Amino acid sequence: MLLVPCPWCGPREEIEFRYGGQAGIAYPSDPEALSDEAWADFLFLRDNPKGAFAERWYHVAGCRRWFDAVRDTATYAFEPSTPPDEGDP
Amino acid sequence: MTARRTPSGGSGIDRAEPISFTFDGEEVAAFVGDTIASAILANGIEAPFRSPILGRPRGVFSAGAEEPNAFVEISEPWFEPIVAATMVDVVDGMVVGSRPGVGRLRGYAPRGRPVEHRNAHVELLVVGSGHDGFYPARDAAARGERVMLVEQHRTTERGAGGDFRAEGVTYLTRATALGLYDDGYVTVLEHADELDRLWHVRARRVILATGAFERSIAFADNDRPGVMLSHAASRYLEHGVLVGSRTVVFTAHAGAYGAASNLVAHGGEVAAIADVSGIELDPGLARDAEVLRGWVVSGTEGDRWLEAVDLEGPDGDRRTIECDSLLVSGGWDPNLALWRAIGGGLRFDDEVHAFVPTEGPPWLSVVGSAAGEVRNGAPYWFVPSEDTSRHFVDFQRDQTIADIADTVDAGLRSVEHVKRATYIGTAIDQGRTSGVITAEVVNALLGESPGWQGPSNARPPAMPVPFATLAGPFRGALFDPIRTTPMHPWHVERGAVFENVGQWKRPWFFPRDGEPMERAVERECLAVRTAVGAMDASTLGKIEVVGADAPAFLDRMYTNRMSNLAVGSIRYGLMLGLDGMVLDDGVAMRLADDRYLVTTTTGGAATVLDRFEEWLQTEWPDLHVYCTSVTEQWAVVAINGPRAREVVSAAGTDVDLSREAFPFMTWRDGHVAGVHARLARVSFSGELAYELHVPAWHGLEVWEAVMAAGAPFGIEPYGTEAMHVLRAEKGYVIVGQDTDGSVTPHDLGMDWIVNRSKGDFVGRRSLRRSDVVRPDRKQLIGLFPADGRTLLPEGAQLVPEDTGKIPMPLAGHVTSSYRSLALGRTFALAMLAGGHAMHGRTVYAPLPEGTVACTVTSPMPYDPDGERRDG
């Protein structure tokens, strides 16, 4: 079970969190202007790298705040995380 | 002769404390400190075990966790279906029986050991308290670190249990690390005196000092009782047991000479040492026995116990030596099961002729013999022979060298494939004595060098563990939190039958005088349609959405507009996923300009709140909105039926209940039965209805007041089943029952609730996707079976034509199906491809008992104009 580094609470058990998938995918400013393909790309397609991956996590059973963290998908090792308003990971 | 108790000695037992237990119906004497295995040996029980497939007699082969033969079922003083006899200390009065490699469950709920779970956080966890584990643990404790030391035996060989009492150390004996997981999470099972304790440990660093397992050597009839790993003989001397009167040793390395010396020192005789190691020997080592350099054991003799060993010399000479004990040692293999299961690497080391650890997680290290500090001679895995069909490799699966050769001949090369073809390593001993041999036999058969491929991977748990232990106290009422409403005691008193909705207990129906469910639901529906009924709706999810931007926020979350809702009014709302599929529904009440109360489905409350938070925190942090769950704060009494107004009035209220002053889809603040209440005119039954929202601590009191006030009007409490029937008669969907995450508002015929002029909302763009606008998507319809008495099963498939031939094209499925008193017949809701355009047509439900023809209808058969509801 991972220890997930919540930037506000510190490292906590994985079961306290919900996984939010790839970070840095902004909601389009005008979805209606997008083609079906561009919308589907936003909706369904995510990166799946081996190695460093910026992800969203939600400390649902803790402080109930979202944050981004970089995790190595091969070793599961987290890089130190920072609150979102202190810059992108 | 067989094994026997020595006249004296044995630091592991207390000869002043004789005890006894029952083994396969016979009373067996033992001392405190004996394991079941040591006691069986001490009593000279011949052939105490059987192999699981071939039924061959088997004896105790080891003194530890690697045991492949000696498995027992414990029935007293606790029940355990199967466990290695080498790992259980005898308890006075214990009742055990041999089990041939497979446990069996009893037809009743047996009494397991009491179990508790505990959590621990330490800087250092050391697995194995031998020399290599003891000192790092002691040193860390001296530095002030919190340390846990886990030892699978009762004490260690060096007696650390007696003198290891350093501050800050939790020293667990008779404890096994079951598995290592990410970031230093370790589960440890401790067999304490009174109970089993499952530890959940989070350690900053973990050291594995798990030692090494002695290798076996495969030769003909190597499974006969009396054949044993060499170090086990020394172990049993600590229990005051001499494993044989006259012993032969078969070894591939120098280490087994020590075991021979130990036996001699305790009154045993070592007839010969067959040594294939080729190592130059210290002459002192050979003083206890005749050493036969280059000789191998070619077979064993005896019936239920070893009587002689056949030996073959390097020049083909043959000898037979009478003996009652044969000790085998092929060398030592580091015990790396835990290491490998968490992803640690292995390589074959040509110096020590064994697999040793390479890279692993940064928090994990391996020390001592587990790290490869072992001394082996040149590898010697099996004695060559034309017939290897009794050269046993995996005793618990009865698999031999010949069986491995067959699978390799069949073309399998990977040990993972050989494992799955032969089942070697898949029994409950996890192949501790067979894994490396199997890999090396495969390597040799393929003409590859030793270590070309390693043993198959291991997975937790490292030792068999009963599910009951993993469950611990978290079963029955403690399995999952149970949520009940303030009115719950009333429902129980009234004999309600409950159903689980998420974690909530909700009354399903209220049977009277033992009436069956069907009758009870009919009666409850009748009351609501013709008089009045009351339902406990407290489990509805309730979220207060507060802030200057709350109106704009809700406009983005719901498909319809919430910002222009007047204070005092209520609006039904539908929420979509980004993919345009229906996620949840409920109503929004405007409490003030900057304050809404939104309700969710009972099961969807947490999901909806999380979703609100996600959008507010990650996409729209500029919005001033706060969301608070108030589900538990408000109890809700739903009063439905033509007499609902009279009941609320009779309960006593200061709110003007007239249709003009308090119309449908509005709410009013006031009092009911002397309690401050929020009254809401919403209806999920299609009848005139009031919901009373009262502070939770007044819920029971108001419920009782309503039931008393309603008695003259024939009020009935009704449960979720009647509620489902009533809403289905109106064509109201239940998200999660009629929808399944692949249904759009259009599919439900609910275009009226999608406001495309108000700007963007979550899911809006997806409603234009080409797949979402296909006309042949499954759409919600009503169904009338041709015979109004036929009740379609929910989940029944629908086909467009009754061809009678399988396969047939599927067109949809039934999502809800009920008997309706109001309609005087059965009916159903269903999702049907292109269903909106099929009203009046016939479709078929092919069922095992016959095909049912059904007429497609609008999904709103009852009071379609809503006159009753608005009354």
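Q: How many salt bridges does a search of the whole structure find over all chains?
A: In this predicted model, the search finds 50 salt bridges over all chains.

Q: Why is the pair Asp196(B) and Arg113(B) called a salt bridge?
A: The closest N and O atoms of Asp196(B) and Arg113(B) are 2.7 Å apart. The cut-off is 4 Å between a side-chain nitrogen of Lys or Arg and a carboxyl oxygen of Asp or Glu, so the pair qualifies.

Q: What makes Asp196(B) and Arg113(B) a link between distant parts of the chain?
A: Asp196(B) belongs to strand 14 (residues 196–208) of chain B, while Arg113(B) lies in the loop between strand 8 (95–98) and strand 9 (115–127) of chain B; the two are 83 residues apart. Both Asp196(B) and Arg113(B) are buried.

Q: What makes the contact between Asp333(B) and Arg215(B) a salt bridge, and which parts of chain B does it link?
A: The N to O distance is 2.8 Å, and the limit is within 4 Å, so the pair counts as a salt bridge. Asp333(B) is in strand 25 (residues 332–334) of chain B, and Arg215(B) is in the loop between strand 15 (212–214) and strand 16 (227–229), 118 residues apart.

Q: How do you know whether Asp333(B) and Arg215(B) are buried or exposed?
A: Buried means under 20% relative accessible area. Asp333(B) has 10% and is therefore buried. Arg215(B), at 2% relative accessibility, is buried on this criterion too.

Q: Why are Arg519(B) and Glu522(B) said to be separated by about one helical turn?
A: They are three residues apart in helix 12 (residues 517–530) of chain B, which means a separation of about one helical turn. Arg519(B) forms a salt bridge with Glu522(B), the closest N and O atoms being 2.7 Å apart.

Q: Why are Arg519(B) and Glu522(B) called partly exposed?
A: The class lies between the buried limit of 20% and the exposed limit of 50%. Arg519(B) has 43% relative accessibility, so it counts as partly exposed. Glu522(B) has 25% and therefore counts as partly exposed.

Q: Which residues are linked in a network of salt bridges?
A: The network joins Arg56(B), Arg58(B), Asp221(B), Asp223(B), Arg224(B), Arg390(B) and Asp398(B).

Q: What makes strand 45 and strand 48 of chain B edge strands?
A: The open sheet has six strands in the order 45-46-47-44-49-48 (chain B), with antiparallel pairing. Strand 45 (797–798) and strand 48 (842–847) of chain B each pair on one side only, and these are the edge strands.

Q: How do you know that strand 46 and strand 47 of chain B pair?
A: Pairing requires at least two bridges. Strand 46 (residues 812–820) and strand 47 (residues 825–833) of chain B have eight bridges in the antiparallel sense, so they pair. Within this pairing, Gly812(B) stands opposite Leu832(B) in strand 47 of chain B. Helix 17 (residues 720–729) of chain B packs on the sheet, touching strand 46 and strand 47, and its direction makes about 110° with that of strand 46 of chain B.

Q: Why is Asp513(B) called exposed?
A: Its relative accessible area is 83%, and exposed means over 50%, so Asp513(B) is exposed.

Q: Where are cis peptide bonds found?
A: One joins Glu76(B) and Pro77(B), with omega about 5°; another joins Pro460(B) and Pro461(B), with omega about 0°. Pro77(B) is in the loop between strand 6 (71–76) and strand 7 (80–84) of chain B.

Q: Which residues touch the most other members of the largest nonpolar core?
A: Of its 72 residues, these are Phe21(B), Ile36(B), Phe219(B), Tyr236(B), Phe250(B) and Leu326(B). Helix 1 (residues 36–42) of chain B gives the most to this core, with six residues.

Definitions and conventions: Residues are numbered from 1 along each chain as its sequence is written. Chains are lettered from A and ligands numbered from 1 in the order in which they are written. This is a predicted model: local features need pLDDT of at least 70, side-chain atom pairs count only at pLDDT 80 or more; totals for chains, interfaces and linings use all residues. Side-chain values use heavy atoms; hydrogens and water are left out. Helices (H or I, at least four residues) and strands (E, at least two) are DSSP runs, numbered from the N terminus. Buried means under 20% relative accessible area, exposed over 50%, partly exposed in between (1.4 Å probe, protein chains only). Contact means heavy atoms within 4.5 Å. Axes are lines fitted to C-alpha atoms, for helices over the stretch in contact, and angles run from 0 to 180 degrees between N-to-C directions. A nonpolar core is a set of buried Ala, Val, Leu, Ile, Met, Phe, Trp, Tyr and Cys residues joined through side-chain atoms within 4.5 Å.
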